[in-house]
Amino acid sequence: MLPPHAESVHSARSFATGTLTGWKLDELSDNMELVVSELATNAFRHGLRLAESRAREPIRLSLIRRNGLVACTLNDPGAGFPALRDPAPLDIGGLGLHIVESLSLRWGWAPLAPYGKIVWAVLRPDLPEE
């Protein structure tokens with residue numbers, strides 16, 4: 001669980017890299033760190049802001065390893081949904097989900113009952129070249 005504080009994004013990255021190290025999947029660390037950072041930042045920036053009455057609720061981060069794939073999931077209390085957008089050249093921000101999309105096999109989101117959503121991304125370690 002990540003409390004609603006600015007330093008929680010750093011904690012999320014540390015959790016992800018530490019978990020991958022424990023799983024001996026260090027080669028995924030750089031990409032996962034970026035993906036987790038973008039998803040956690042979005043959860044804090046948008047998910048908590050859009051759920052003002054529940055803004056004190058923690059965001060939940062999970063890493064799941066299965067069949068050579070690693071998924072990261074973040075739950076937040078916000079009702080808004082993530083969407084790729086095309087920012088103007090001088091816009092600050094707006095490329096986070098493009099980064100997630102480029103580094104993951106796939107990503108998506110789903111609403112949660114009674115409120116909130118889960119946003120996820122699946123990554124795969126590089127396969128050895130033959």
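This is a predicted model: local features need pLDDT of at least 70, side-chain atom pairs count only at pLDDT 80 or more; totals for chains, interfaces and linings use all residues.

Reader: Which pattern does the protein follow along the sequence?

Author: The pattern, read along the sequence, is α-α-β-β-α-β-β.

Reader: How many residues does helix H1 have, and how far does the helix reach from its first C-alpha to its last?

Author: Helix H1, residues 8-22, has 15 residues and spans 21 Å between its first and last C-alpha, close to the 21 Å expected at 1.5 Å a residue. Just after H1, Lys 24 adopts a positive phi of about 60 degrees.

Reader: Which residues of H1 are buried?

Author: A residue counts as buried when its relative accessible area is under 20%. In H1 this applies to Ser 8, Val 9, Ala 12, Ala 16, Thr 19 and Leu 20. Viewed down the axis of H1, the buried residues fall within an arc of 115 degrees, so they line one face of the helix.

Reader: Why do residues three or four places apart in an α-helix point the same way?

Author: An α-helix has 3.6 residues a turn, so residues at that spacing point the same way.

Reader: Let us turn to the next helix. Is Ser 29 buried or exposed?

Author: Ser 29, which lies in helix H2 (residues 29-47), has a relative accessible area of 10%; because this is under 20%, the residue is buried.

Reader: Which residues does Ser 29 touch, not counting those up to four places away in sequence?

Author: With those neighbours set aside, Ser 29 touches Thr 17 and Leu 20. Leu 20 is also one of the buried residues of H1.

Reader: How many bridges join strand E3 to strand E4?

Author: Strand E3 (residues 106-111) and strand E4 (residues 117-123) run antiparallel and are joined by six bridges. Ala 110 stands opposite Ile 118 in E4. Five residues lie between the strands of this hairpin, where Gly 116 takes a positive phi near 95 degrees.

Notes
Residues are numbered from 1 along each chain as its sequence is written. Side-chain values use heavy atoms; hydrogens and water are left out. Helices (H or I, at least four residues) and strands (E, at least two) are DSSP runs, numbered from the N terminus. Two strands pair if DSSP finds at least two bridges between them. Buried means under 20% relative accessible area, exposed over 50%, partly exposed in between (1.4 Å probe, protein chains only). Contact means heavy atoms within 4.5 Å. The expected span of a helix is 1.5 Å times one less than its number of residues. The arc is that of the directions from the helix axis to the C-beta atoms.
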